Amino acid sequence: MADNSHRAGVTTVQRIGPWQVTTFRPPGFAAGGPHEIRIEPAPDGDPQEIARGISSTVLRQITTTTPGQDLARQRAESAQEAALEELSDVLARTSKGVTDEYLAVLSAFYVRVVELGQRAPIQALESITGTKQATLKGHLRAARQRGFLTKVEGKAGGQLTDKAVEMLKGTKVGDGTGDGRQP
């Protein structure tokens, strides 16, 4: 490996146990992983650990994200959590029972969870709402049957229908109020 100290680009150094890991990205390659990784014994590393060699555990701990990418990811996750919390509050304020209003809000909540990249959206909804997965599946099936949510064959997802959007206009999301209807 070449000495990165005289090259243009981004060099990061990470300490993992007795090892010093240096990664390098040339200019213009801000996204993706590093182009070079150098693992060397740290100057003050434990000689006995160094003698055992580099383990797969050390390799898995190498940070390969672009500097600043972690911060951007954390901000995005924070915004996602806030959006889900807001939808959860609206869901809690809706009328009890399987009403059209409830199904429209649940559909919006479901679409948002899918958009946020949740691999198991029903499981995520269960943990957020406290409602059993089987019940949520039935409610989403009813939302599709009543025309609030489109169907996507073979995978999670769907879009809100115009009917759902109209229903949601009566539920103000963002200011903590409803449209005057009693929950």
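Select strands S1 and S2 (residues 19–25): the two run antiparallel and are joined by seven bridges. Strands here are DSSP runs of E of at least two residues, helices are runs of H or I of at least four, and both are numbered from the N terminus; two strands pair if DSSP finds at least two bridges between them. Within this pair, Arg15 has Gln20 of S2 as its bridge partner.

This is a predicted model, in which local features need pLDDT of at least 70 and side-chain atom pairs count only at pLDDT 80 or more, while totals for chains, interfaces and linings use all residues. Residues are numbered from 1 along each chain as its sequence is written, and side-chain values use heavy atoms, with hydrogens and water left out.

Move to helix H6 (residues 133–145) and select Leu136, His139, Leu140, Ala142 and Ala143, which are buried (under 20% relative accessible area with a 1.4 Å probe, protein chains only; exposed is over 50%, partly exposed in between). These buried residues pack against helix H4 (100–115) and helix H5 (121–129). On the other side of H6, Ala134 and Gln145 are exposed. Just after H6, select Gly147, which has a positive phi of about 85°.

Finally, colour the chain by pLDDT, the predictor's confidence in each residue from 0 to 100. The chain mean is 78, and 72% of the residues reach 70 or more. Confidence is highest in S3, at 94, and lowest in helix H3 (residues 69–93), at a mean of 63. Where pLDDT is low, predicted coordinates should not be read in detail.

Notes: Contact = heavy atoms within 4.5 Å.
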